[in-house]
Amino acid sequence: MKKQVFLCDILNHKRLLVAAEITNLYANLQRNALGVATFTGFSQVAQDHDVKLFIRRGIEIGKKHAKLFGEKLEESNLPVPTTWSSEITNSTAHTFSDKMMMFYTSSLISLSIGYYGTSTSQSPRVDIGVMYNRLSLEIQLYSEDGANIMIKNKWLEQPPIAPD
């Protein structure tokens, strides 16, 4: 590299993606697509109204994030992977408890925040780092809403803490 232009968006002229950015965009798109499919299945069997609404909100967030990642790939004329929607069945049999689905959903949210942090650190392009930071904040707020549902239903246990 000879100039800082590699890092910045000058006059809306973005450089092509580097390999690490492509890898992270692709993987995060796939993770969100799989999350949308999983959450769609959960929303079909959730019993509690708040849980159902929470999971449906996660579907919308996941679709939005996948779309943003796809747009970044398309900007560099790269293919966008397909979704997992064809794998969703129409079953409404109560397969999992709401508590288990909320725990699993919370775990996926935590993983996403970690993956977005890694993706931010591996992207020299400023606009991509800003995007990941904004999306991380969105899912952190979403996660808090999930924790509140779990607290309300007495499903959340206090993790071990440092001695006082």
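Me: Among contacts between residues at least 6 apart in sequence, what share join residues at least 24 apart?
Reply: In this predicted model, 81% of those contacts join residues at least 24 apart.

Me: What is the secondary structure made of?
Reply: The protein has 4 helices and 0 strands. Along the sequence the pattern reads α-α-α-α.

Me: And what box do the C-alpha atoms fill?
Reply: Roughly 55 × 50 × 20 Å, taken along the principal axes.

Me: How much of the protein is buried?
Reply: Buried residues account for 36% of the 164 residues.

Me: Let's take H4. How far apart are its end C-alpha atoms?
Reply: They are 40 Å apart. Helix H4 covers residues 126–152, which is 27 residues, and at 1.5 Å a residue these should span 39 Å, so the two values agree.

Me: Which residues of H4 are buried?
Reply: The list is Asp127, Ile128, Gly129, Met131, Tyr132, Leu135, Ser136, Ile139, Tyr142, Gly146, Ile149 and Met150.

Me: Why do residues three or four places apart point the same way in a helix?
Reply: An α-helix has 3.6 residues a turn, so residues at that spacing point the same way.

Me: What covers the buried residues of H4?
Reply: The cover includes helix H1 (19–45), helix H2 (49–75) and helix H3 (98–121).

Me: Switching to rings. How many aromatic pairs are there?
Reply: The structure holds 7 aromatic pairs. One of them is Phe54 with Tyr142, which is stacked, at 4.2 Å centre to centre and 10° between the planes.

Me: What does the Phe54 and Tyr142 pair tie together?
Reply: Phe54 belongs to helix H2 and Tyr142 to helix H4, so the pair ties together parts that are 88 residues apart in sequence.

Me: Are Phe54 and Tyr142 buried or exposed?
Reply: Phe54 is buried, and Tyr142 is buried as well.

Me: What about Phe69 and Tyr132, how are their rings arranged?
Reply: Phe69 and Tyr132 form a tilted aromatic pair, with 5.5 Å centre to centre and 35° between the planes. The pair links distant parts of the chain, as Phe69 is in helix H2 and Tyr132 is in helix H4, 63 residues apart.

Me: What relative accessible area does Phe69 have? And Tyr132?
Reply: Phe69 has 0% and Tyr132 has 1%. Buried means under 20%, so Phe69 counts as buried, and Tyr132 does too.

Me: Which residues do ring pairs link into a cluster?
Reply: Phe39, Phe42, Phe96 and Tyr104 are linked that way.

Me: Where does the charged end of Arg31 sit?
Reply: The charged end of Arg31 is over the ring of Tyr115, 3.5 Å from the ring centre.

Me: I'd like to see the pocket. Which residues lie nearest the centre of the largest pocket?
Reply: Arg31 again, along with Asn32, Gly35, Leu108 and Ser112. The lining has 20 residues, and the space in the largest pocket is about 320 Å³.

Me: Which helices supply residues of that lining?
Reply: H1, H2, H3 and H4 each supply at least two.

Me: I'm looking at Asp145 now. Where does it lie?
Reply: Asp145 lies in helix H4. Its relative accessibility is 30%, so Asp145 counts as partly exposed.

Me: What is Asp145 in contact with, leaving aside neighbours within four places in sequence?
Reply: Asp145 is in contact with Phe54 and Arg57. Phe54 is the residue that stacks with Tyr142.

Me: How far is Asp145 from Gly35 in space?
Reply: Asp145 and Gly35 are 18 Å apart, C-alpha to C-alpha, and 110 residues apart in sequence.

Me: Last topic, backbone angles. What is phi of Asn77?
Reply: Phi of Asn77 is near 55°, a positive value in a residue other than glycine. Asn77 is in the loop between H2 and H3, and at 71% relative accessibility Asn77 counts as exposed.

Me: And which residue just after H4 takes a positive phi?
Reply: Lys154 does, at about 60°. Lys154 too is a residue other than glycine.

Me: Is Lys154 buried or exposed?
Reply: Lys154 is exposed, with a relative accessible area of 74%.

Definitions and conventions: Residues numbered from 1 in each chain as written. Predicted model: local features only at pLDDT ≥ 70, side-chain atom pairs only at ≥ 80, totals over all residues. Heavy atoms only, no water. Expected span 1.5 Å × (residues − 1). Buried < 20%, exposed > 50% of the residue type's maximum accessible area, 1.4 Å probe, protein only. Contact = heavy atoms within 4.5 Å. Phe/Tyr/Trp six-rings, centres within 6.5 Å; stacked < 30°, edge-to-face > 60°. Lys NZ or Arg CZ within 6 Å of the ring centre and 35° of its normal. 1 Å grid on protein atoms, 1.4 Å probe; cavity = no way out; pocket = protein on both sides within 12 Å on 5 of 7 lines; lining within 4 Å. Points joined across faces, edges and corners; volume = space filled by probe spheres on them.
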